[in-house]
Amino acid sequence: MPVLITADLHLDQWLEEGRDPFAALPPETFATLDALIIAGDLADKPKIRWPRLLRHLGRHIDPARIHVFPGNHDYYHHVIDGDDRLAELTAQAGANFAQKAEIAVGNTRFLCCTLWTDFALHGAPAMAMTFARTRMNDCRYIRKTPRYGKIQPSDTVLVHRDHRRWLEDQLTKPFAGKTVVVTHHCPHPELLSDTPSDFDPIYGSDLRALIAKHNPDAWLFGHTHRQRETIEGDTIVRNVSLGYPSEVEAGQEAELLMRGITET
Ligand SMILES: [Fe+2]
């Protein structure tokens, strides 16, 4: 029972360029797929674009088998506390909203959430947050209720803590089958930049202790568009981003998407 997990489709940009990354997959891939999990960054401006894009995905696979949760881009021109609206749009498309959700397929559970970061990757969270306030697009394009002011890094830290707590609670529950964690942000410091960058704490956190404690079978994520992977203890940690169409040469789509195929 295969499940396809992918992230950073930025499908709005692909369709604008007249390209459909899923058209590269053999049709039988979709026929046998039990679930398609989209780990964030389906599109900017979700309130306008998600309905059309989910309809488009529904041409390839029954919407009932699509599970989607937001990345940072899915909050652009929206609010950080607007998951209820995204859930509504997803339900209207006949698909499943998977923020802080466990998806069970076969004997595997997929634990899904955006995650965000703690800005602590380089050991200086206050500095990293000051940098992020001016350099992180999220702080320009994402707002929050009730006053619709722009978010601060401290707002995403709060969401990170909430998601991390949820994840730890789920991982602590005994489960007889396989466990795959699926997040938008990166949980491993070695899968970010080649040389340390001030942007790293915006992209990921060091969750190696959490991985070592709970030993999930895999942890799949996106956000950085760097298709890297490593093994941490018994856990495969793999980036399953597709990326912007400008980053993907024609003919490369299927190979990138298939990185996220998981047998359950
Ligand atoms: Fe992202």
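How many positive and negative side chains does the protein chain have, and how far apart do the centres of the two sets lie?

1. The protein chain carries 29 positive and 36 negative side chains, with the centres of the two sets 7 Å apart. Lys and Arg count as positive, Asp and Glu as negative, while His and the chain ends are not counted. A charge is placed at NZ of Lys, CZ of Arg, CG of Asp or CD of Glu.

2. A quick word on the source: this is a predicted model, where local features need pLDDT of at least 70 and side-chain atom pairs count only at pLDDT 80 or more, though totals for chains, interfaces and linings use all residues. Residues are numbered from 1 along each chain as its sequence is written, and side-chain values use heavy atoms, leaving out hydrogens and water.

3. You'll find 10 helices and 14 strands in the protein chain (DSSP runs numbered from the N terminus: H or I of at least four residues for helices, E of at least two for strands). The C-alpha trace spans about 50 × 40 × 35 Å along its principal axes.

4. As for burial, 53% of the 264 residues of the protein chain count as buried, meaning under 20% relative accessible area with a 1.4 Å probe, protein chains only.

5. Glu229 stands opposite Arg238 in β13. Two residues sit between the strands, and Gly233 takes a positive phi near 65° in this hairpin.

How values were computed
Buried means under 20% relative accessible area, exposed over 50%, partly exposed in between (1.4 Å probe, protein chains only). Two strands pair if DSSP finds at least two bridges between them.
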